[in-house]
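Reader: Hi, I'm new to this one. Can you walk me through it?
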Amino acid sequence: MGNHGSNLDDILAEDMHHWYNMFMRESPSGLITLFELKAILGLKGLTENANSYVDQVFFTFDMDGDGYIDFVEYIAAISLMLKGEINQKLKWYFKLFDQDGNGKIDKEELETIFSAIQGITRNRDIDPEEIVTIIFERIDVKGEGEMTLEEFIEGAKDHEDIMDMLKNLMDLTPVLEIIVQGRRK
């Protein structure tokens, strides 16, 4: 997160009126669609995996499943990313990773998400397969090839290096900065 922290902390401390004005400036209808989110973030020409990841992020923030992010969901998402407790963030990560919604994450789902993230951030420091192998070696102690929410949370919290990898990979600070600064030109 580096120097982003204090800047974003200050931003989150802004009053609700400021956040509401910013939200309404980006989406005068009071609702953000998936298409609008991609436009706000300037996401064009994404790989299929990266596009899928953005879709999944949108649907995890669309808490009532109506196909829109309203102001309450918007604020909840920003709060979670900036101020959320570790258990809340891990639950959100799990929901994001569980692409088929079966209550478990497997290696393929994780690799797909991590590859997609790299497609968006262009950060290719670590091979997604390596990350997934490390996570499953340490957390999937039963060797089932999949993890439940409980296994994921407990396992991640027990391994500081995995937590660090997840924090680095899932750092949405650049996304928040785009939202805060307004639509990319």
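This is a predicted model: local features need pLDDT of at least 70, side-chain atom pairs count only at pLDDT 80 or more; totals for chains, interfaces and linings use all residues.

Reader: Where does UniProt place the EF-hand domain feature?
Author: The UniProt record, an unreviewed entry, puts "domain: EF-hand" at residues 49-84, 85-120 and 127-162.

Reader: How far apart are the end C-alpha atoms of residues 49-84?
Author: They lie 26 Å apart. That span is 72% helix and 6% strand.

Reader: And the ends of residues 127-162?
Author: Those end C-alpha atoms are 14 Å apart. Here the make-up is 69% helix and 8% strand.

Reader: Let's switch to helix 8. What does it span?
Author: Helix 8 covers residues 128-139, twelve in total. From first C-alpha to last it reaches 16 Å, close to the 16 Å expected at 1.5 Å a residue.

Reader: Which residues in helix 8 are buried?
Author: Pro128, Ile131, Val132, Ile135, Phe136 and Ile139 are buried. Looking down the axis of helix 8, the buried residues fall within an arc of 120°, so they line one face of the helix.

Reader: New topic. How many salt bridges does the structure hold?
Author: Four. One of them pairs Lys38 with Asp55, with the closest N and O atoms 2.8 Å apart.

Reader: Which helices do Lys38 and Asp55 lie in?
Author: Lys38 is in helix 3 (residues 34-40) and Asp55 is in helix 4 (residues 48-61), so the pair ties together parts that are 17 residues apart in sequence.

Reader: Is Lys38 buried or exposed?
Author: Lys38 counts as buried, because its relative accessibility is 15% and the cut-off for buried is under 20%.

Reader: Back to helix 8. Which residue does Arg138 form a salt bridge with?
Author: Its partner is Asp161, and the closest N and O atoms are 2.1 Å apart. Arg138 lies in helix 8 and Asp161 in helix 10 (residues 160-169), so this bridge ties together parts that are 23 residues apart in sequence.

Reader: What about accessibility for those two?
Author: Arg138 is partly exposed, at 34% relative accessibility. Asp161 also counts as partly exposed, at 34%.

Reader: What does Lys142 form a salt bridge with?
Author: Lys142 pairs with Glu151, and the closest N and O atoms are 3.8 Å apart.

Reader: Why does Lys142 count as exposed?
Author: Because its relative accessibility is 61%, and exposed means over 50%. Glu151 is buried, with a relative accessible area of 17%.

Notes
Residues are numbered from 1 along each chain as its sequence is written. Side-chain values use heavy atoms; hydrogens and water are left out. Helices (H or I, at least four residues) and strands (E, at least two) are DSSP runs, numbered from the N terminus. The expected span of a helix is 1.5 Å times one less than its number of residues. Buried means under 20% relative accessible area, exposed over 50%, partly exposed in between (1.4 Å probe, protein chains only). The arc is that of the directions from the helix axis to the C-beta atoms. UniProt positions are given in the numbering used here, feature names are shortened, and annotations may be inferred rather than shown by experiment. A salt bridge is a side-chain nitrogen of Lys or Arg within 4 Å of a carboxyl oxygen of Asp or Glu.
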